[in-house]
Amino acid sequence: MRTPRSVSPSRRGVLAAGGALGIGALLAACGGSKGSGGSGSSGGGKDGPWSFTDDRGQQVSLPRTPHRIVAFTGSAAALHDFGIDDRIVGVFGPTKLPNGRPDPQAGDLDVDKVTLLGNAYDQFNVEKYAGLGPDLLVTNMYEPGALWFVPDSSKDKITKLAGSVALTASRVPLDRIIGRYAEFAASLGADLKAKKVTDAKARFEQAAARLRKAAAAHPVKVLACSGSADFFYASNPGISADLMYFRSLGVDLIVPDHLDKGGYFESLSWENADKYKADVLLLDNRTATLQPKDLAAKPSWAGLPAVKAGQITPWASEPRFSYAGAAPLLESLAQAIEHAKKVN
């Protein structure tokens, strides 16, 4: 769910990036873009010519497979799961928590072995990025043409330093996006038949089967939601990749009837938090959102039947697009539904 805390360009507008000193010199030193062009297929080997056409329809072509990749944290974590890790030299986006531990979006990525260009939106350090000598920038794309966590105000400077790959992250079911990440990782040289990858895929498939069985045996209504100080957000399962996939497996996800601009959710005042009669709450667990302990003081939250019944389960609303990253999400929701009862 792209809530206001997610900084979706379509809902928050362009956020100004801080002025960067010496960018012109850095651009000249790096020689501009590594190349992009028209249609083409992914390909290349470990050392040979490489090209890939991303989900904008833009092709990046390089004389050799990228060896210095900078990626959005979630994208880097997904590539790591497919076996691409030693070539990820930098990341941007939620990477470290205030206590220094890895942010959940970092997955199994060793965050101490990569250069952090910015831990939040609009913190992308362009000079540091240039200093890494990147071959390629990789990120998600929730809105057509929008590079996730790349500030619009410095996007042109950033994309001149290296080619970029954007992979769709919404409006397509989770399993298809994972397949696309697998295809991209394979183009970079990942071995999709490696035991680590095949074991993760088997776990994902088993988890999907379990969730399908749970949804059929326990027909409870589920609301994907997120809490902030002023609003209770009801998410749209027709646009978020994970929710789309859960629905395809039979999960009865509530569809809000008055969506905000962008279509991701409906903003409800806390007085109207009980608009939708949910048996299970799938609650956004990102660090920027309110969690049950934070929400306990809100009478309208405490009064929800699902809350009274303790039927709240965490929702990783920005999933990691790999089999290893997604399998636990399916398992968690399956377990919640297996133990849920109708409360409305």
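User: Happy to look at this predicted model with you. Are Arg286 and Glu318 buried or exposed?

Analyst: Good place to start. Residues under 20% relative accessible area count as buried. Arg286 falls in that class, and Glu318 does too, so the answer for both is: buried.

User: How far apart are the closest N and O atoms of Arg286 and Glu318?

Analyst: These two residues form a salt bridge. Arg286 sits in the loop between strand E12 (280–284) and helix H9 (292–295), while Glu318 sits in the loop between strand E13 (312–315) and helix H12 (323–338), so the bridge ties together parts 32 residues apart in sequence. The closest N and O atoms are separated by 2.9 Å.

User: Which residue meets Glu143 in a salt bridge?

Analyst: Glu143 is buried, at a relative accessible area of 14%. It belongs to the loop between strand E6 (136–141) and helix H5 (155–161), and its partner belongs to the loop between strand E7 (163–168) and helix H6 (174–187), so the pair joins parts 28 residues apart in sequence. At an N to O distance of 3.5 Å, the residue is Arg171.

User: By about how much of helix H6 are Arg180 and Glu183 separated?

Analyst: Arg180 and Glu183 form a salt bridge, with closest N and O atoms 3.1 Å apart. Arg180 counts as buried at 16% relative accessibility, whereas Glu183 counts as partly exposed at 36%. Because the two are three residues apart in helix H6, their separation is about one helical turn.

User: Which residue is linked with Arg180 and Glu183 in a network of salt bridges?

Analyst: The Arg180 and Glu183 pair is itself a salt bridge. The network that holds both of them also includes Asp55.

User: How many salt bridges does a search of the whole structure find?

Analyst: The pairs discussed above include Arg286 with Glu318 and Glu143 with Arg171. Searching the whole structure gives a total of 17.

User: How many nonpolar residues does the contact of H7 with H12 have?

Analyst: The crossing of these helices, H7 and H12, is left-handed. Contact residues include Phe204 and Leu211 of H7, and Leu330 and Ile337 of H12. By class, there are five charged residues and one polar, and the nonpolar residues number 16.

Definitions and conventions
Residues numbered from 1 in each chain as written. Predicted model: local features only at pLDDT ≥ 70, side-chain atom pairs only at ≥ 80, totals over all residues. Heavy atoms only, no water. Salt bridge = Lys/Arg side-chain N within 4 Å of Asp/Glu carboxyl O. Helix = DSSP H or I, 4+ residues; strand = E, 2+ residues; numbered from the N terminus. Buried < 20%, exposed > 50% of the residue type's maximum accessible area, 1.4 Å probe, protein only. Left-handed = near helix turned anticlockwise from the far one by under 90°. Contact = heavy atoms within 4.5 Å. Nonpolar A, V, L, I, M, F, W, Y, C, P; charged D, E, K, R; others polar.
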